[in-house]
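Please open the model in your viewer and keep the selection panel at hand.

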Amino acid sequence: MENNLKRLSRFRRHRAVAPLLLVLALLSIGTTFSVAGAATSTPLSAAEKSALIDEGKQLFLKGCSSCHGLNAEGGAVAPSLIGVGAASVDFQVATGRMPMADMSVQAMRKKPVYNEKQVEALAAYVASLAPGPEVPGESQLNYERDGSAAEGGELFRTNCAMCHNFAAQGGALTQGKYAPTLMGVEPRHIYEAMITGPQSMPVFSDKTITPEEKLSIIKWIKAAESEPQLGGAALGRVGPVTEGLLVWTLGLGLLVGVAVWLAMKAR
Amino acid sequence: MTARERIAGNVANYVDERTGAAKWMKKNLTKVFPDHWSFLLGEIALYSFIILLLSGTFLTFWFDPSQREVIYEGNYEPLEGLKMSAAYASTLHISFEVRGGLLMRQIHHWAALIFMAAIVVHLMRVYFTGAFRKPREFNWIIGVGLLTLGIVEGFLGYSLPDDLLSGTGIRIAEAIIQALPVVGSYLAFFAFGGAFPGEAFIPRIYTVHVLLLPGAFLALITVHLMLVWYQKHTQYPGPGRTEKNVVGYPLLPVYMAKAGGFFFIVFGVTAFLGAVASINPIWLYGPYTPGQISAGSQPDWYMGWLDGLVRMSPPLETHAFGHTISWNILIPGLIVPGILFTGMALYPFIESWITGDKREHHLLDRPRNAPNRTALGVMSLTFMLVALINGGNDIIATTFHLTINQIMWFSRIAIFVLPPIAFVITKRLCLSLQRADRELVLHGRETGRLVMMPHGEFVEVHEPISAEKAWLLTQHEQNPALALEEHDSSGVRRPKALKNKLRARMSKAHAVAVPKATAEDLKQIEHH
């Protein structure tokens with residue numbers, strides 16, 4: 001895909017580019033109009049879209065610009081948002097990570113400040129600045145149909161478990177950063193995290209992990225999330241640390257308690 | 001004589017005529033054991049071992065110790081169709097398809113953790129009460145051997161299922177073997193039958209786990225118990241208890257009933273844990289492949305301190321003559337544990353060298369009456385605890401919102417600073433307790449009753465303590481430090497002066513005590 005783009009970009013200063021682009025733009029506007037006129041629900045009309053972008057801009061100026069700059073160009077404490085795309089905004093704002101509560105090492109997941117409509121507006125505004133990854137639609141997220149849990153588990157253990165732990169419970173990174181737990185995270189947000197690489201997370205492009213593989217990973221995470229506690233209390237699924245703690249508290253506590261009782265008995 | 005008694009008598013007679021067991025039984029079934037809860041700690045370890053043998057045997061019926069690659073076709077859907085070793089697949093089979101298999105696996109693993117924990121608390125009891133002193137030094141060494149074997153045996157068991165966590169542990173074990181200078185890489189190749197992971201390691205450690213080490217355990221435990229039998233159990237001091245007698249209950253019926261009942265209680269607690277709490281959910285870890293790792297990979301608790309030491313060690317390496325020496329693994333993985341365990345094994349001899357005490361001891365010390373020993377024990381435990389905490393630094397970091405770097409630096413400093421502080425505090429505490437004992441003997445118990453004297457002064461009434469209590473608080477010996485002069489009477493320096501100086505110094509530190517209350521002290525007080 002990248003090679004194709006490179007090949008295309010060689011022609012970007014060609015004489016025919018400008019008229020071609022004009023035709024393309026007219027065509028796309030025409031199609032958009034006809035589609036928007038026909039279907040009432042999805043794709044927004046240009047007017048609606050620009051209204052949404054305007055609303056997003058107002059929200060952005062009030063809530064985000066003090067750190068990210070008046071034109072989302074970034075500042076001393078926050079990165080530029082030009083080109084991060086709608087997916088990034090949707091992930092960061094809809095999970096409550098943005099706006100940040102404080103300037104700690106990492107934005108925490110918390111109750112979202114903006115409602116769904118406002119998030120959409122903010123995403124539309126940021127996406128209007130420059131193209132970037134889009135919010136995946138419902139049809140792209142049908143992991144139950146398109147994913148395979150076993151393959152997803154294998155991919156998860158190869159690419160994700162090193163930070164998020166074997167059961168997606170999260171884990172520690174350096175200097176107070178951490179990979180959060182993936183339990184109870186919306187499939188959409190897991191997908192967005194993979195394509196945008198928030199905070200310390202790398203970007204898993206569609207070339208490294210294809211969209212189907214991403215859905216497999218999501219399917220495995222959801223399977224792990226809904227798996228009944230097969231062996232009894234799960235103890236946080238973080239490995240031997242909590243098991244050791246339970247042995248030294250409950251296990252040995254009970255046994256030493258019984259020993260004391262036995263020594264008092266039958267005098 | 002009823003018919004039943006006659007039959008029992010006939011059976012007993014039949015056996016006795018052929019084995020001569022009656023005399024032995026008569027003598028030994030009335031053998032007396034002292035009764036104290038802390039004497040049951042070792043029994044927890046013994047019973048856990050029996051549970052391990054039974055549950056382990058059950059697991060061997062289905063476990064396939066092979067690294068042959070198979071494709072999973074069992075019940076657990078999220079692993080369906082994956083390539084894995086037969087070892088891992090058979091562990092999944094035990095967990096999901098064998099009736100009671102998961103419960104048995106969990107009982108086996110919980111029993112292993114309880115076994116090790118019970119060994120450690122038993123060791124603490126023996127250490128802090130001075131039960132390792134003559135004539136029990138050999139039994140102490142056997143105990144240290146059992147602890148060491150337990151760590152190895154536990155680690156091998158943790159490695160057998162060949163899940164992602166197992167494999168990670170084996171990888172670290174391989175790294176520790178490789179860290180041995182010169183022979184390391186040869187040894188690793190020998191152990192793994194080639195390059196890591198190979199196909200030989202799991203079959204090999206299986207034989208060691210189910211045959212060699214359990215055999216060694218059985219032999220050592222037998223000797224351990226026979227020595228207790230032969231040397232008789234130690235007892236806590238008290239009125240009527242001397243170095244020459246044992247006060248307690250006969251083996252039959254009292255002790256037998258208690259011990260037998262306790263076995264079932266230990267089994268019950270282990271089965272309870274196995275039934276209600278998940279341990280090592282191997283199906284979530286997935287099969288081992290060297291390319292994968294999980295965040296928060298930890299060993300079981302009894303190796304957590306070792307992992308903690310490795311985690312805190314700075315990245316030190318030297319390169320010489322084409323060899324790399326990885327001090328960052330060699331020091332925390334082999335040298336420090338080697339020093340710790342050798343020191344522990346030799347401690348009875350070191351203490352008797354320091355105190356010059358070569359007599360037999362069957363009466364236990366109250367920990368406060370041996371401040372130096374108690375302080376040294378608390379110091380060692382503090383060291384282990386700091387290392388153990390650092391072993392779980394990632395889990396602690398995410399749980400308490402700390403940074404892993406802070407915890408690592410805390411441990412790096414604390415491992416040197418906290419143990420000596422613990423030593424000083426413990427020693428002071430012991431001496432304070434001795435002082436409190438002395439006060440109690442001399443001035444009696446505070447009753448909380450205030451009395452106004454005729455001249456208006458308020459005094460609190462003190463009641464004298466019972467004779468038994470007073471005996472308990474004053475029965476211990478307080479031996480002076482060894483007198484080892486550096487120079488003899490004619491002013492000539494003795495040979496080995498430096499060694500003697502060290503010995504005298506340590507002996508002096510060991511003999512520090514608050515003088516216990518004596519009869520004269522009491523008389524003087526009464527006189528006032």
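Which residues does I44(B) touch, not counting residues up to four places away in sequence? Select I44(B) and you will find L255(A), I114(B), A118(B) and V266(B), a contact meaning that C-beta atoms, placed from the backbone, lie within 7 Å. This is a predicted model, in which local features need pLDDT of at least 70 and side-chain atom pairs count only at pLDDT 80 or more, while totals for chains, interfaces and linings use all residues. Residues are numbered from 1 along each chain as its sequence is written, and chains are lettered from A and ligands numbered from 1 in the order in which they are written.

Next, select the two sides of the contact between the chains, with 57 residues from chain B and 51 residues from chain A. Helix 10 (251-276) of chain B supplies the largest share of the chain B side, 9 residues; helices here are DSSP runs of H or I with at least four residues, numbered from the N terminus.

Now go to helix 13 (residues 327-355) and helix 18 (residues 497-511) of chain B, which pack at an angle of about 95° with their axes 8 Å apart. The axes are lines fitted to C-alpha atoms over the stretch in contact, and angles run from 0 to 180 degrees between N-to-C directions. Helix 13 of chain B is therefore roughly perpendicular to helix 18 of chain B, a term for angles of 65 to 115 degrees. To see the contact, select W353(B), I354(B) and T355(B) of helix 13 together with R503(B), M506(B), S507(B) and H510(B) of helix 18.

Key
Helix = DSSP H or I, 4+ residues; strand = E, 2+ residues; numbered from the N terminus. Parallel < 35°, antiparallel > 145°, perpendicular 65-115°, else oblique.
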